[in-house]
Amino acid sequence: VAVAVTVMALAFWQHRALSGRYAVPELQPPEDRVLFAGTALACILLVPALLLGLEVAVASSAAALVAVGTTAWRRPEALRPALVPWRLVLFVLGLFLVVGAVGPLGVDEVLREGTGGSLRTAFVAAGGANVVNNLPAYLAVERVVPHDQLLPLLLGVNLGPLITPWGSLATLLWAERCRAKGVQVSWLTYAAAGLLLVPMLLLTTVPLL
């Protein structure tokens, strides 16, 4: 439902840009099939590892080691420190520390009073995601909501961070790649679209739980 609503909204807002035809580029085979297979396998095995209950830090570290090890074997010149988004990593880590520290200072009580029904929980989670990033927002709200509110919480932190650029790590990484490619992003337009889209997403998905 969330995907369908998003596609319909974009089709309506961007109908002029989406008119005409798009020439699909010819599929290019990977230059190094071994490197492609090794890194793809690391990504593919990460999902079942997480679903089987393996700790996130352990599963992601193992996948990263496989990917880095395969790259070091097949294309060592491609490995360089600049590939790691250090600023983003430190930024998100800082947010985790801040959220963890302010919880006992009254934030937990405010969140507990703000949440309640499924829609309220989802909207509070979405608001928190846009303020402090969706990962620390999830941990902050999870501490104060009952178990039956976890699904609305997940919808809020996953569908909600579409207003501020720091709302999710995915958006930060996307913005970093846009900047690297010289693509200019209007954050005002991004925020305006998010303000319209997020309520539509939550109001159409949360009642289906």
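Is W187 buried, partly exposed or exposed? In this predicted model, W187 has a relative accessibility of 29%, so the residue counts as partly exposed.

W174 belongs to helix α9 (residues 169–180) and W187 to helix α10 (residues 187–205), so the pair ties together parts that are 13 residues apart in sequence. W174 is itself partly exposed, at 39% relative accessible area.

W174 also pairs with Y190: their ring centres lie 6.1 Å apart with planes at 25°, so here the rings are stacked. This pair, too, links distant parts of the chain, joining W174 in α9 to Y190 in α10, 16 residues apart. Y190 counts as buried, with 17% relative accessibility.

Now turn to helix α2, which runs over residues 33–51. With 19 residues at 1.5 Å each, α2 should span 27 Å; the C-alpha atoms at its ends are 28 Å apart, which agrees. Where α2 starts, a side-chain oxygen of D32 comes within 3.1 Å of the backbone nitrogen of V34. Along the helix, L35, G38, A42 and A49 are buried, and the buried residues of α2 pack against α3 (56–74). After α2 comes G53, with a positive phi near 100°.

One more ring deserves a look: R74 lies over the face of W73, 5.1 Å from the ring centre.

Notes:
Residues numbered from 1 in each chain as written. Predicted model: local features only at pLDDT ≥ 70, side-chain atom pairs only at ≥ 80, totals over all residues. Heavy atoms only, no water. Helix = DSSP H or I, 4+ residues; strand = E, 2+ residues; numbered from the N terminus. Expected span 1.5 Å × (residues − 1). Buried < 20%, exposed > 50% of the residue type's maximum accessible area, 1.4 Å probe, protein only. Contact = heavy atoms within 4.5 Å. Polar contact = N/O pair within 3.5 Å; in protein donor to acceptor, adjacent residues only side chain to side chain. Phe/Tyr/Trp six-rings, centres within 6.5 Å; stacked < 30°, edge-to-face > 60°. Lys NZ or Arg CZ within 6 Å of the ring centre and 35° of its normal.
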